[in-house]
Amino acid sequence: MKRFTCALGAAIFAMLLTGCSTMAPQYPSSLDNVAVLKKEAGAAAKVAAFDASPNKDNANPISLRGTSLNSPYQGSYANYLSEALKQELSLAGKYAPDSAIEISGTLLKNDLDASGFSTGHGQIEARVVVKNRGTVQYDKVKSAQYEWDSHFVGAIAIPNATAAYPNLVSKLLATLYADPDFISTLK
Amino acid sequence: MKLFKTLALFAAALALTGCAHHLQIAPDLAKIERPAEAKPKIQANVAYYINDNLRKEEKITPGGGGDKVTTAPYRDLEVGFYKMLGNVFENVTLLKTQGDGNAIAQQHIDYIITPVVTPNSSSSSVLTWPPTHFSIDLACDISDANGKLLYRKQVVGEGNAEFSEFKSDFALSGKLAMQDALLKMQAQLLELPVNAKSGAAPASGQP
């Protein structure tokens with residue numbers, strides 16, 4: 001009986017700490033970001049495909065306590081970032097597929113750490129390039145970090161980390177829109 | 001050993017009871033479009049207001065097999081609602097506080113729209129938990145810049161998804177219901193008898 005109780009306890013404990021493969025939420029635009037674009041950006045831009053730099057900080061899929069977190073945009077987090085940018089420009093009325101201003105970029109870092117029992121951490125970094133009629137107007141690396149409440153139980157920690165991913169992307173874009181050099185390329 | 005048994009029982013209880021399944025029911029924004037034959041945009045500046053507590057509010061409704069689902073209806077409504085209002089009115093502003101006098105004056109707000117959203121769900125399946133049917137009750141109170149209620153519009157969005165459809169997206173019926181509610185509300189708002197800009201009074205309407 002002792003052995004059975006131990007085995008049952010261990011199995012359930014393992015179940016609580018792990019999970020299964022899951023999908024990151026689609027990007028829900030930040031209306032605060034949209035308001036900034038609407039107010040500050042004068043001209044509309046188009047968004048080109050973003051690349052992802054292959055390195056250990058640029059996870060795809062992201063691992064959350066053994067659970068794989070996949071991007072809902074063709075399995076690519078570079079696509080996630082470009083779609084998020086496109087969505088916010090569209091909502092602000094500043095997206096035009098035929099614009100001479102083109103925003104492109106490379107995802108350099110992208111990871112969530114859900115191993116902590118009380119706090120989770122995320123980091124993202126991207127190089128953003130803005131060209132006007134082919135001439136580079138802006139070329140900078142932007143980064144953001146995000147923290148959220150975590151838990152020792154995987155069934156709580158993993159959904160919390162999953163829900164945090166769009167906030168990390170939103171924070172990166174807010175950093176980009178707050179850069180006067182970026183905004184000046186949209187005048 | 002007693003402590004271990006207690007922990008094992010606690011863990012078993014946690015594992016067996018579980019929580020309601022969380023679903024995100026924000027609609028596909030690409031589907032929230034103006035119909036090609038729609039009337040021109042109403043030349044008015046509108047603002048909308050959603051209380052921060054409502055954005056965080058979660059609602060629990062039935063799923064299949066005796067399970068329940070949890071949604072955050074205001075959080076999932078908001079971006080689509082913003083886009084829908086932009087399809088109807090010339091300019092849309094988000095108010096940070098109710099009756100934000102500065103924003104109302106600076107943006108020359110003509111109308112303030114306050115949404116009320118209530119989700120409901122059900123399932124015809126006893127074997128799977130995702131809802132096969134979702135409904136979204138969406139009401140909009142439309143007031144003038146002084147807060148006087150001018151109109152109240154109400155629609156019910158419906159969404160259905162069978163196993164073959166929702167197996168790749170458990171929230172599908174909810175997303176379709178949210179989309180349906182927004183498009184129905186868009187149709188109602190496009191018919192509002194208003195075309196005033198910056199303070200002009202609307203035509204008479206039924207609150």
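Is the crossing in which helix 2 of chain A passes helix 4 of chain A left-handed or right-handed?

Tutor: The model is predicted, so local features need pLDDT of at least 70 and side-chain atom pairs count only at pLDDT 80 or more, whereas totals for chains, interfaces and linings use all residues. Residues are numbered from 1 along each chain as its sequence is written, while chains are lettered from A and ligands numbered from 1 in the order in which they are written.

The crossing of helix 2 of chain A and helix 4 of chain A is left-handed, a term for a near helix turned anticlockwise from the far one by less than a right angle, with clockwise giving right-handed. Helices (H or I, at least four residues) and strands (E, at least two) are DSSP runs numbered from the N terminus. Helix 2 of chain A spans residues 31-40, and its axis lies 10 Å from that of helix 4 of chain A, at an angle of about 20 degrees. The two helices are therefore roughly parallel, the label for angles under 35 degrees; over 145 is roughly antiparallel, 65 to 115 roughly perpendicular, and the rest oblique. Axes are lines fitted to C-alpha atoms, for helices over the stretch in contact, and angles run from 0 to 180 degrees between N-to-C directions. From helix 2 of chain A, the contact uses A:Asn33, A:Val36 and A:Leu37; from helix 4 of chain A, it uses A:Ser170, A:Leu173, A:Ala174 and A:Tyr177. Contact here requires C-beta atoms, placed from the backbone, within 7 Å.

Helix 4 of chain A lies across strand 5, strand 6 and strand 7 of chain A and runs at about 145 degrees to strand 7 of chain A. These strands belong to an open sheet of four with mixed pairing, ordered 2-5-6-7 in chain A; two strands pair if DSSP finds at least two bridges between them. Strand 2 (46-52) and strand 7 (135-149) of chain A are the edges, each pairing on one side only. From one strand to the next, the twist averages 20 degrees. Helix 3 of chain A, residues 77-91, also packs on this sheet: it touches strand 2, strand 5 and strand 6 of chain A, and its direction makes about 160 degrees with that of strand 2 of chain A.

Within the sheet, strand 5 (residues 101-113) and strand 6 (residues 119-132) of chain A are antiparallel and share twelve bridges. A:Leu107 stands opposite A:Ala126 in strand 6 of chain A. Strand 6 and strand 7 of chain A also pair in the antiparallel sense, over 14 bridges, with A:Ile124 having A:Ala144 as its bridge partner in strand 7 of chain A. The hairpin of strand 6 and strand 7 of chain A has two residues between the strands, and A:Arg133 in this hairpin takes a positive phi near 50 degrees.

A nonpolar core is a set of buried Ala, Val, Leu, Ile, Met, Phe, Trp, Tyr and Cys residues joined through C-beta atoms within 7 Å. Buried residues have 20 or more other C-beta atoms within 10 Å of their own, exposed ones 12 or fewer, and partly exposed ones fall in between; C-beta atoms are placed from the backbone. This core has 93 residues, and A:Leu81, A:Val169, B:Val46, B:Tyr48 and B:Leu85 touch the most other members. Leaving out residues up to four places away in sequence, A:Leu81 touches A:Phe50, A:Gly105, A:Leu107, A:Ala126 and A:Val169.

Chain A as a whole has five helices and seven strands, in the sequence pattern α-β-α-β-β-β-α-β-β-β-α-α. Of its 187 residues, 36% count as buried. Of the contacts in chain A between residues at least 6 apart in sequence, 77% join residues at least 24 apart.

Chain B also contributes to the core, as the list with B:Val46 shows. B:Val46 stands opposite B:Val92 in strand 5 of chain B. Strand 2 of chain B, residues 42-48, pairs with strand 5 of chain B in the parallel sense over five bridges.

Notes: Two residues are in contact if their C-beta atoms, placed from the backbone, lie within 7 Å.
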